[in-house]
Each structure stands twice: as C-alpha cells, then as structure tokens.
Amino acid sequence: MMAALVAGLAMPAVAQSQLRQALETGEQATRKAEQVQEQINQLDDQRSDMVSEFRTLLQRTQASQLYARQQEKVVESQRRELESLNNQLERVDEITAQTTPMLIDMISDLEAFVQADLPFKLEDRKERIENLRAAMENPQVPIVEQYRLIIEAYKTEMEYGRTISTWPEVIDIDGNPVMVDMFLYGRVALVYMSPDRRYAARYDRAQNAWVPVASKFKENIGKAIKVAKGTTTPSVLYAPATRLAVTAP
C-alpha cells in the first residue's frame with residue numbers, strides 16, 4: 001500500500017516535467033515561428049525591392065532602346081546628308097570652272113563702265129576693281145566670297161546714280177592745283193566750283209572734258225553743294241546737265 005501511495009505521488013511530478021517541456025517546446029516553436037515570419041517579411045521586402053529595381057531597369061532599358069532607335073535614324077539621316085555633300089563636292093570643280101570666267105567678265109564689264117562713266121572718284125572706283133581682281137587671283141578667297149564682293153561693287157556703282165554727293169578735291173586748272181567742291185547729281189551732272197566761285201565747270205560727255213559754266217549757274221551750284229553737305233534744306237535748283245544719248249545696238 002505504501003508503494004502504491006508513493007507511485008501516486010510521483011506521477012504528478014512527472015506530468016509537471018512533461019508539461020514544462022511541452023511549454024518550453026511550444027515557446028521554442030513560437031520563437032521559431034516568429035523568426036521564420038521575420039525572415040519571410042525580410043524576403044518579402046527584398047522581393048518588393050527587387051521588383052521595383054527590375055521595373056526601373058526595364059524602364060531604363062526601354063528608354064535606351066528608344067534612344068538607340070532614334071540615334072539610328074539620326075545616323076542614317078546624317079549618312080544621306082554626307083552622301084549629298086560628297087556629290088556636291090564632286091561638282092565644285094565643275095561649278096568653279098563655269099563660274100570663274102563669268103565673274104572675270106563681270107569685273108571687265110564693270111571696269112569698262114567706269115571708264116565710260118562720268119570721271120568722279122576714279123581712284124576709289126579703280127582701286128575697288130583692282131581689289132576684285134586680286135580676290136579672283138587669291139586661292140584663299142572662296143568663289144562665293146568673290147561673287148559677293150563683285151555684287152557689292154555693282155551695288156555701290158548703282159548707288160552713285162541714285163544719290164547726290166559732294167566732296168573736296170584738288171584739280172589742275174591751267175597748270176595750277178586748285179581746291180574745289182565736286183558735286184555729283186546721280187549720273188545726270190558732274191560739276192565743280194571753287195569756294196571763292198572763281199572757277200566752276202561741268203563735265204561734258206561729248207567732249208570728254210571740263211567745260212566752264214555760265215555765271216548764272218554758280219548760285220544754284222553753290223546751293224546744290226550746301227544741300228549735299230546738309231547745311232541747307234533741299235529746294236528746286238537749276239544747273240547745267242549733259243544730254244544723255246543712247247545708241248541702239
């Protein structure tokens with residue numbers, strides 16, 4: 001009977017030990033589950049980061065591909081333009097060979113025009129023509145620039161015919177140098193008069209010489225010179241002019 005009592009008392013102790021072990025095992029399982037859940041959460045965060053990074057890389061890849069395709073189009077366009085330029089360059093010599101004689105003829109025509117025109121500012125006009133010839137002989141001057149210079153010279157000559165101008169000039173009168181005021185009225189008249197009005201003359205195209213003007217014109221010539229200088233207001237003036245004669249070819 002005593003043995004049975006002892007055995008009965010011992011059983012609860014064993015059960016308590018087993019219960020503690022079971023509780024400890026449960027706690028360990030709980031902690032393990034928490035650790036596993038933490039790892040799952042970390043993996044999920046990593047997965048989200050990887051997905052976001054993948055999407056970013058995908059967008060960059062698509063952008064790079066789009067840029068590459070666009071650059072291919074640019075390169076193709078530049079290639080076609082380069083081919084066109086090469087074709088044009090191949091024709092440069094041909095174009096130059098055809099254009100240069102024309103430019104030289106334009107200079108010769110301009111020189112002939114100056115020689116046949118009223119003899120005003122001859123030094124400047126002849127120097128301009130010499131500069132054009134020098135530009136034509138200079139291999140460093142592109143043909144486009146040569147053409148521009150010639151056109152500018154033509155424009156300058158045209159402007160002479162549309163304006164009035166005056167300038168001081170020393171001329172030879174009876175073997176003596178005399179300072180006079182030159183007056184150019186377009187290409188209608190070229191006259192001069194000394195400041196003291198002692199000398200006054202007009203250029204006669206028919207005679208290719210200076211012809212003295214009548215005293216009655218000196219007053220109007222003096223006024224015209226003042227108008228050209230801007231020292232008086234324009235008004236109706238009467239001055240000697242040469243009749244222009246045009247001969248049909």
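Because the model is predicted, local features need pLDDT of at least 70 and side-chain atom pairs count only at pLDDT 80 or more, while totals for chains, interfaces and linings use all residues. Residues are numbered from 1 along each chain as its sequence is written, and side-chain values use heavy atoms, with hydrogens and water left out.

Let us start with the layout. The chain has 5 helices and 5 strands, where helices (H or I, at least four residues) and strands (E, at least two) are DSSP runs numbered from the N terminus. Read from that end, the order is α-α-α-α-β-β-β-β-β-α. Of the 249 residues, 22% are buried; here buried means under 20% relative accessible area, exposed means over 50%, and partly exposed lies in between (1.4 Å probe, protein chains only). Among contacts (heavy atoms within 4.5 Å) with a separation of 6 or more, 44% involve residues 24 or more positions apart.

Next come the charge pairs. Side chains of opposite charge can pair when their charged atoms come close. The structure holds 14 salt bridges, each defined as a side-chain nitrogen of Lys or Arg within 4 Å of a carboxyl oxygen of Asp or Glu.

Another pair reaches between elements: Glu219 forms a salt bridge with Arg197, with 2.8 Å between the closest N and O atoms. Glu219 belongs to helix H5 (residues 218-229) and Arg197 to the loop between strand S3 (189-193) and strand S4 (200-204), so the pair ties together parts that are 22 residues apart in sequence. Glu219 counts as partly exposed at 40% relative accessibility, and Arg197 is partly exposed at 31%.

Is the pair of Asp204 and Arg202 buried or exposed? Asp204 is buried, and so is Arg202; their side chains meet in a salt bridge of 3.1 Å, N to O. Elsewhere, salt bridges that share partners join Asp117, Arg125, Arg128, Glu157 and Arg187 into one network.

Now for the backbone. Most residues other than glycine have a negative phi. Lys121 is not a glycine, yet its phi is positive, at about 45°. Look for Lys121 in the loop between helix H2 (92-116) and helix H3 (122-137), where this residue is partly exposed because its relative accessible area is 26%. Asp174 also has a positive phi, near 55°, and lies in the loop between strand S1 (164-173) and strand S2 (176-185). With 72% relative accessibility, Asp174 counts as exposed.

A further loop, between S4 and strand S5 (209-212), contains Asn208. Asn208 is exposed, with a relative accessible area of 55%. The C-alpha atoms of Asn208 and Ala116 are separated by 9.6 Å, although these residues are 92 positions apart along the chain.

Finally, the surface patches. They are made of residues with over 30% relative accessible area and no salt bridge, joining like charges within 9 Å and nonpolar side chains (Val, Leu, Ile, Met, Phe, Trp, Tyr) within 5 Å. Glu38, Asp45, Asp49 and Glu53 form a negative patch. Asp45 lies in helix H1 (residues 2-90) and is partly exposed at 45% relative accessibility. A nonpolar patch of about 250 Å² is made by Ile164, Tyr185 and Val188. Of these, Tyr185 is in strand S2 and counts as partly exposed, at 46% relative accessibility.

Conventions:
Areas by Shrake-Rupley, 256 points an atom, 1.4 Å probe, with all protein chains shown as cover. Lys, Arg positive; Asp, Glu negative; His and termini not counted. Charge placed at Lys NZ, Arg CZ, Asp CG, Glu CD.
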